[in-house]
Amino acid sequence: MKRTYETPVACVEKFMPNEYVAACWGVACDWSWANQYEQDHHNWYNGDISHAADHCGNSSNQVIMDYNDDGIGDRMIETGTDGLGNLNCTIYTDANYRNTINVSTVQIGQEIYWTTRSGSRTWHHKGTVTATAEGHPNRS
């Protein structure tokens with residue numbers, strides 16, 4: 001039996017500390033304002049399109065996330081949607097919900113408006129961006 005010599009090879013995994021990749025912000029929906037908006041604009045449908053403190057009213061349910069790992073928020077999603085899965089959010093400049101803005105331009109402390117959709121239903125939200133998601137200070 002002939003033996004062959006193999007050159008030793010070392011593999012190194014790049015370590016990315018959690019603090020570096022945690023580039024997320026949270027925003028809680030002002031659910032009482034949002035419910036009034038849905039009712040005033042005939043979107044209520046007997047509460048089928050409604051907002052609650054323990055869902056969209058919780059800042060850890062909406063987060064702006066950095067999926068490209070470049071320190072810039074790439075999209076906003078709503079989690080904890082009571083069985084609807086993660087919903088993409090479209091962000092607007094004001095309560096007219098006509099002029100969209102790129103999530104990368106959103107700043108901490110800014111009041112934003114956004115919509116989420118599932119099937120034929122659309123929810124209209126309003127909230128102020130915070131530095132961290134409630135209960136998840138390093139969410140990423």
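Visitor: What covers the buried residues of α2?
Guide: The cover includes β6, residues 121–130. It is judged by contact, meaning heavy atoms within 4.5 Å. Helices here are DSSP runs of H or I with at least four residues and strands are runs of E with at least two, numbered from the N terminus. Please keep in mind that this is a predicted model, where local features need pLDDT of at least 70, side-chain atom pairs count only at pLDDT 80 or more, and totals for chains, interfaces and linings use all residues. Residues are numbered from 1 along each chain as its sequence is written, and side-chain values use heavy atoms, with hydrogens and water left out.

Visitor: Which residues of helix α2 are called buried?
Guide: Buried means under 20% relative accessible area, exposed over 50%, and partly exposed in between, with a 1.4 Å probe and protein chains only. In α2, residues 31–40, the buried ones are A34, N35, Y37 and E38. They sit on the same side of α2, because they cover an arc of only 160 degrees around the axis. That arc is taken over the directions from the helix axis to the C-beta atoms.

Visitor: Why is H42 called exposed?
Guide: Its relative accessible area is 66%, and the term asks for over 50%, so H42 qualifies. H42 follows α2, in the loop between α2 and β2, residues 62–65. Its phi is positive, about 60 degrees, although H42 is not a glycine.

Visitor: Where does Y45 lie, and why does Y45 count as exposed?
Guide: Y45 lies in the loop between α2 and β2. At 55% relative accessibility it is above the cut-off, so Y45 counts as exposed. Y45 has a positive phi too, about 45 degrees, and is not a glycine.

Visitor: What makes a group of residues a nonpolar core?
Guide: The members must be buried Ala, Val, Leu, Ile, Met, Phe, Trp, Tyr or Cys residues joined through side-chain atoms within 4.5 Å. The largest such core has 13 residues, and V27, M76, I91, V106, I112 and W114 have the most contacts inside it. Two or more residues come from each of β4 (87–92) and β5 (111–118). Not counting residues up to four places away in sequence, I91 touches several partners, including M76, V106, I112 and W114.

Visitor: How confident is the predictor on average?
Guide: pLDDT is its confidence in each residue, from 0 to 100. The average is 81, and 79% of the residues score at least 70. Over residues 15–23, however, pLDDT is below 50. Where pLDDT is low, the predicted coordinates should not be read in detail.
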